[in-house]
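Subject: Structure handover

Hello,

Here is the structure I promised to pass on. Please open it and keep it beside you while you read.

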Amino acid sequence: FATFIVSSLAVLNQFNGAQPDLVLVAAVLALCIAAVALLIWREKRATNPLFPIPLFSNPTIWRCDALAICPGATLVSLITFLPIYFRVGAGADAAAIGFLLLPVTGWAADRFDRRRLLFATQAAMGLLALGLGCLVLTGLVALWHVFVFAFLLGCVAAFDAPARQTFVSDLVEEAHLSNAV
C-alpha cells in the first residue's frame, strides 16, 4: 500500500511542478516499518492472535506471504482508487467491469496448476510494479501510465485471488485454515 501511495504522491507532485519529497517518502516507509513492528509485538502478546506466529514457521507460508505483500497491498490500493477513476474519469460502473473477468478467472484457477498460476501472477504483478517504479524514478511517468498500470494490475490480481484462495486450502492443515484464509 505504501509503495502505491508513495508512487502516486510522486506523480502528483511532478504534475504540480515539484520534485518528489524524499523526506515524505522516508516518513511513509518508516511509518510502515513501525506499523509492522507494532503488529508483530501485539500478536506475540495476544491470547487469540489474528496471525498465529507458529504458522509462519512453515517455510511455504512465509515465502508465499513475503511474495504477496507488495502485490496484495497494491490490490487494496486498486480496490480503493480504481472504482473512483472508473466512476469519475470514465463514467462507468467499476463493479460491472470487474464482473466481466469473474468467469474467466475462476475457470483458470480450476483448470491450470495453481502453483504455476500464482507464480505467473506474482511475477506479472512484480514486473508491473517495477515498470511503474522505473517510470516514476526516471521522471517519464504520465497520469495515463498510472491508469494503465492500475488496470493491468487489477486484471492480473483478478486471476491471482481465486487461485490463492483455493491454493491455501491445499497448503494448510484443517485446524489452521480459518486463520490462513
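Please note that this is a predicted model. My findings follow, one topic at a time.

**The aromatic pair**

The structure holds one aromatic pair. Its members are Trp107 and Phe112, and their ring centres are 5.5 Å apart. The two ring planes stand at 80°, so the pair is edge-to-face; the cut-off for that is over 60 degrees. Trp107 is partly exposed, with a relative accessible area of 48%. Phe112 is also partly exposed, at 44%.

**Helix H7**

Now find helix H7, which runs over 143–171.

Is Val172 buried or exposed? At 11% relative accessibility, Val172 counts as buried, because the cut-off for buried is under 20%. Ile61 and Val172 are 111 residues apart along the chain, yet their C-alpha atoms are separated by 8.4 Å.

**The nonpolar cores**

Nonpolar side chains tend to be buried together in soluble globular proteins. Here the largest nonpolar core has 11 residues in all. Its members include Met125, Leu128, Leu132, Val146, Phe149 and Leu153. Which helices supply at least two residues each? They are helix H6 (114–138) and H7. There is also a second, separate core of six residues. Ala108, Ala109, Leu118 and Ala163 are among them.

**Asp160**

At 4% relative accessibility, Asp160 counts as buried. What does Asp160 contact, leaving aside its neighbours within four places in sequence? The contacts are Leu118, Thr121, Gln122 and Met125. With Thr121 there is a polar contact between the side chains, at 2.7 Å.

Asp160 also forms a salt bridge with Arg164. The closest N and O atoms are 2.5 Å apart. Both residues lie in helix H7, four residues apart, which is about one turn of the helix. Arg164 is partly exposed, with a relative accessible area of 26%.

**The salt bridges**

Side chains of opposite charge can pair when their charged atoms come close. How many salt bridges does a search of the whole structure find? The search finds three.

Another links Arg42 and Glu43, with the closest N and O atoms 2.9 Å apart. Arg42 counts as partly exposed, at 42% relative accessibility. Glu43 is buried, at 3%.

Arg116 and Asp113 also meet in a salt bridge, at 3.7 Å from N to O. Arg116 counts as exposed, at 62% relative accessibility. Asp113 is partly exposed, at 42%.

Over to you.

Best wishes

Conventions: Residues numbered from 1 in each chain as written. Predicted model: local features only at pLDDT ≥ 70, side-chain atom pairs only at ≥ 80, totals over all residues. Heavy atoms only, no water. Phe/Tyr/Trp six-rings, centres within 6.5 Å; stacked < 30°, edge-to-face > 60°. Buried < 20%, exposed > 50% of the residue type's maximum accessible area, 1.4 Å probe, protein only. Core = buried A, V, L, I, M, F, W, Y, C linked by side-chain atoms within 4.5 Å. Polar contact = N/O pair within 3.5 Å; in protein donor to acceptor, adjacent residues only side chain to side chain. Contact = heavy atoms within 4.5 Å. Salt bridge = Lys/Arg side-chain N within 4 Å of Asp/Glu carboxyl O.
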